[in-house]
Amino acid sequence: MFDIKKLKENPDINIYTKKQEIHTILKGFLNQKKPMLLYPVPFNDEYQTNIVRIKEDSLTIDSLLPKSGNIKLLESSYIKATFKFNSNEHYFLSKLHNYEKEKDYFVFDIYKPIEILSLEKRKFFRIGPSVNEPVRISFFVDGKYLETILFDLSGEGFSFLIDYPVEKHTVLEGVRIKFPAELPEITLRLEVRSAVRLDNLKYKVGAAAINIKPKEQDILFRYIFKRQREIVAASKSFF
């Protein structure tokens, strides 16, 4: 089961909040005639269903499979849902609105989501730098110079911790990414995608590269491959 809060910390996540965008995504998925996964909360079980039709403010979904999930859906406080569309993983929260018998089985109306999170399936997964050999990031924002270490990174996304939030969609110019000694430093433009406050009062900022050049991306991928090999080697030695 996914965690919406953690998903929003991922700089590779796109968040759709406009009604027309949400309707277009749901309509496209409906036309695929593929199953959607539901997780009635507070239960941890996964169930399969299909969207039957899309209404103005709700979605009609089929009975859950296995059908024992229908009872948990009725008893749920809210619902987590996920589906695949256009090679992306999509996530949203909803709540049961109504249910009724249709022919010989029950269908359910759940509220149309107010936002859908979409995650592009990337060839290069997110990876954390070594504690002993951190990757450093430095930039200016609001007239202040900040330098910190990367929390994790992917082929185009970066996350890091700072002491105060940065507004979403802020463009950071001249961002310097400094790798361990054997790889050269790169300079990028980043767009802030998220800034989530953590329990330690710091903010986890997620940012994505803007028009990254092939040379810089090659260096980034070389680091990712190297770090992947280190992690695999460490796991083998552990066992």
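Begin with the open sheet, in which six strands follow the order β1-β10-β7-β6-β2-β3 with antiparallel pairing; strands here are DSSP runs (E, at least two residues), as helices are (H or I, at least four), numbered from the N terminus, and two strands pair if DSSP finds at least two bridges between them. At the edges stand β1 (13–16) and β3 (47–49), each with a single partner strand, so one side of each has no neighbour in the sheet. From one strand to the next, the twist averages 25°.

This is a predicted model, in which local features need pLDDT of at least 70, side-chain atom pairs count only at pLDDT 80 or more, and totals for chains, interfaces and linings use all residues. Residues are numbered from 1 along each chain as its sequence is written, and side-chain values use heavy atoms, leaving out hydrogens and water.

Next, select β2 (residues 36–41) and β6 (residues 78–85), antiparallel strands joined by five bridges; Leu37 has Thr82 in β6 as its bridge partner.

Now turn to helix α2, to which Lys19 belongs. Lys19 is exposed, because its relative accessible area is 69%, where exposed means over 50%, buried under 20% and partly exposed in between (1.4 Å probe, protein chains only).

Finally, select Leu74 in helix α3 (residues 69–75), which counts as partly exposed because its relative accessibility is 38%.

Key: Axes are lines fitted to C-alpha atoms, for helices over the stretch in contact, and angles run from 0 to 180 degrees between N-to-C directions.
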